[in-house]
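Reader: Could you walk me through how the pieces of this structure pack together? I would like to start with helices and then move on to domains and chains.

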Amino acid sequence: MMLFKLSFKNIRKSFKDYAIYFFTLVLGVAIFYVFNAIDSQTVMMNVTASTREIIQLMTTILSAVSVFVAFILGFLIIYASRFLIKRRNKEFGIYLTLGMSKRKISRLLFFETLSIGLISLTVGLGIGALLSQLMSILVANMFEADLTKFTFVFSTSACMKTMIYFGIMYLLVMIFNTVNISKCKLIDLLHASKKSEKVTLRNPILCTIIFIISSIVLGYAYYLVTGGVNQLQDFREILKPIFLGVLSTFFIFWSLSGLMLRIVTRMKKTYYKGLNSFTVRQISSKINTTVFSMTVICLMLFVTICVLSSALSIKNSMTANLTTLAPIDIEFSKKYDLTEEYANSHFGYNTNMMDDSKLSLRESISNMNFDVDQYLSDMVEFNTYTSEIKIKDTLGTYYQESQKKYPFLRYETDEDFIKLSDYNQVAKLLGLEELSLENNQYILVADYSGWVPIRDEGLKRNTPIVLKNSTYYPKYQECQNGFIEISSNHVNMGFFVVPDDALDESMRDSGWLLANYQETTKEGKQKTEDVVRSMNDHPYSSVSDLEVTTKLQLYEASIGLGAMVTFIGLYLGIIFLISSAAILALKELSESSDNKERFRMLRKIGADEKMIHKALFRQIAIFFLFPLVIAMIHSVFGIMFCDYILETFGNEKLLESIMMTAIFLIVIYGGYFLITYLCSKNIIKER
Amino acid sequence: MEPILSVEKIEKYYGNKSSLTKAINNISFEVMEGEFVAIMGSSGSGKTTLLNVISTIDRVTSGHIYVGGDDITKLKGNALNKFRREELGFIFQDFNLLDTLTAYENIALSLSIQNVGAKEIDERIKKVATQLNIKDILHKYPYQMSGGQKQRVASARAIITKPKLVLADEPTGALDSKSAKMLLERFRELNEELEATILMVTHDAFTASYATRVIFIKDGKIFNEIHRGNDSRKEFFDKIIDVVTLLGGDLNDAL
């Protein structure tokens, strides 16, 4: 019982030190709960079945991510508790000299961890339960569900899960502490604080050289993921810039303080002003001793920024794309004249399907009891055509070069053709620019930015194509923007618009029907949509190659995917952010006792409180800013790279998502900074 | 001659009504310009408390302390810090050098917080470094220096601001006898050649014998006071020992 009392008093006494630890634990618990409770939050919501499926998938993924998050938090908690133990070495030394056994000290720590664990779990779950109500608003917003009636939901399963995961973490901390205590020597404990700090100094010339080399290497890594990104073809090559980036980041931190010191000490006027020399030295010694953690923190921040901004931008741009890329309600398409050969090479095709493929598009549709005239308006019907021409043929002399540069592209794919009059009809309906052609000309229409530059090379070489013994030349030297297939992304790899008489029905490949619903209200459209979806249940659908794409379908899929990516991004981003900020804060606070001595000296030689606070503020601010600034520079290129990879998703609202990321950064990272500053100020205060 | 420091009937009490400790119990004395005064007493005699209240680190319960005519017991907040950085120089037992700064920067710091320009700082440091013979170690860090060197750097820091009064708290406490002797010689030079007024607290008779006057404190009161006059250091040392013997056994351990 005495032990319990002692441990409780210890916590209360050293609450200043524990504040950051406690804050981090509470935040960790709360976030863990919130993201695991999304499932129960959405139960009340009025969403469609397909959205419900996406939510189900999302919660499965989130709970897998939770395991990963638990690992990160576990490491963080062990790391943090190690710091706190170190701070209390002297206290343990005194206990030992007073005759307390190591086992008893371990037990003392056990009680402390237990009580902190219980308190943080309770508080964290409380905050989490409140936050998850806000979360349900966000979820409803993301999935565009009506939150008609608000009910307070508490997820017992998420609560249990949080308790189990954190229970395991605390248990690990206890084991870790016990091992730690049993290994330490009394003399080290007692003299832990007296170890005079040896200033780790690095040769300034060496630092400058290393800094320059690392900057060049980093620049090269930046180049690899941006300018030279087309050369990256397989996974192993992507590892190269990552490896170079990590290495150069480490060496930049290694050399930074030496370099900084060299520069600042040269600027005598600034250096010998007020407490500047003191502050500069403090920062440089801290960076010198924390190179490794600075690197880790910097990289974590980098990942956070990239993940958050990309995730948010995917969600934003996917829904934004739909207005331009899916301007009509519905699209039917069907491949004509399936051959024996085609059916054999594609699993699941049978003779019934081949029969169906001989029918017209309208016949197939009406075979499924859908009356196009009853439900649809603004109908445009047309065919697309193929000939023997493959992609490689349309690249002309560029083909050799392209094959070397991009060996994985499918050059053997058949090219698609469309009549000029058909395309102009489609263009009118879809709000695209209408085209005109001379007799011997063609136009290539594409919007997938991966293919456009390659296609352009072929056009620049004035590559001719031959259809029905006539030769056609490109009208423009670059692809024209456009599409015939509605989608949520820019996925048109390219088709050829040619004069009407260049094609005949023997070359037909697919039939298309583009239309709007007759209904104009939201409810009406939904009703038509239901009828369309019921076509799937019609027995004839199994024998037809008919494909139906609706705007609503695309919409639901894209908000679902967008929301999923956003939530996972948010979850990981916030956890990374918390971890890095907490490590920085602990590093800073763990030295506060040394700092206390130093600031006392400054007071004795007559420094004002104002001066001291300013010096402390600058010291902590710069310590927090360094990894952030480098992470931000990394992120500029990182986001460009993400952008390249995700470019099919579009990047229309990148700025907005970067702003959102900035807000997260400011709130969490800034919050940790502020707490660290206030705690440090409190610690160095003279009573 | 004007008194640089005059202490008038100061008292310092610790604790509350039920258990009152009188750390300083009605002490008055004056220090003239250019004097080198040692305050001697055993641990618990109140000498460190005395130094703390003079250096404004601590406050008196009653009484007044005048430095150059100003009553420093009335100072508050930043005026206190201003007084401390402009009028006083400190030399501490444990040197109190900042371990992250070089000797040069440690000395420069006390000038830079007074907003002295970088150029003037450099000139003044060069001058004081020559006087204290620390020119060669200016670029070194405290952990690279010997105790004596650290103490000299600390002395340089204390006098570079040209303070009215240099306060030294057990300056030889952490030094071996050779370094201690060297430092005390330096103090005498500071005092005689640079005309620095020094007030030093010590429990060591040898250290005290370098002063021009020694004030003995026991139980928070002035017990005795002796002037060196024209005595040699050795003779003065013997006189101090006499008083110490009179004071009782508790100081003997210091010999």
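**Packing, from helices to chains**

Author: Happy to, and please keep in mind that this is a predicted model. In chain B, helix α4 (residues 118-132) packs against helix α5 (residues 147-159) at an angle of about 135 degrees, with the axes 10 Å apart.

Reader: Is that arrangement of α4(B) and α5(B) oblique or roughly antiparallel?

Author: The angle between the two helices is about 135 degrees. Only angles over 145 degrees count as roughly antiparallel, and 65 to 115 as roughly perpendicular. The pair α4(B) and α5(B) is therefore oblique.

Reader: Which residues of α5(B) make the contact with α4(B)?

Author: The α4(B) side consists of B:V128, B:A129 and B:L132. By class, the contact has five nonpolar, one polar and one charged residues. From α5(B) come B:R152, B:S155, B:A156 and B:I159.

Reader: Now to chain A: is the crossing of α4(A) and α7(A) left-handed or right-handed?

Author: The axes of α4(A) and helix α7 (residues 156-183) of chain A come within 10 Å and cross at roughly 35 degrees. On the α4(A) side, the contact includes A:L73, A:G74 and A:I77, and on the α7(A) side A:M169, A:L172 and A:F176 are among the residues. The contact divides into ten nonpolar, four polar and no charged residues. As for handedness, the crossing is right-handed.

Reader: Which element gives the most to the side of domain 1 of chain A that touches domain 2 of chain A?

Author: Chain A is divided into domain 1 (1-193), domain 2 (196-326 + 563-687) and domain 3 (370-537). Between the domains asked about, 28 residues of domain 1 are in contact with 23 residues of domain 2. Two elements give two or more residues to the domain 1 side, α2 (15-36) and α4 (49-87) of chain A. The most, 14 residues, comes from α4(A).

Reader: How many residues on that side of domain 1 are charged?

Author: The domain 1 side that touches domain 2 has 21 nonpolar residues and three polar ones. The charged residues there number four.

Reader: And where the chains meet, which element gives the most to the side of chain A that touches chain B?

Author: This contact takes 23 residues from chain A and 20 residues from chain B. On the chain A side there are eight nonpolar, six polar and nine charged residues. The elements giving two or more residues to this side are α11 (268-271), α12 (276-289) and α24 (592-604) of chain A. The most, five residues, comes from α12(A).

Note on methods. Residues numbered from 1 in each chain as written. Chains lettered and ligands numbered in written order. Predicted model: local features only at pLDDT ≥ 70, side-chain atom pairs only at ≥ 80, totals over all residues. Axes fitted to C-alpha atoms, helices over the stretch in contact; angles between N-to-C directions. Helix = DSSP H or I, 4+ residues; strand = E, 2+ residues; numbered from the N terminus. Parallel < 35°, antiparallel > 145°, perpendicular 65-115°, else oblique. Contact = placed C-beta atoms within 7 Å. Nonpolar A, V, L, I, M, F, W, Y, C, P; charged D, E, K, R; others polar. Domains from an automatic or database assignment. Left-handed = near helix turned anticlockwise from the far one by under 90°.
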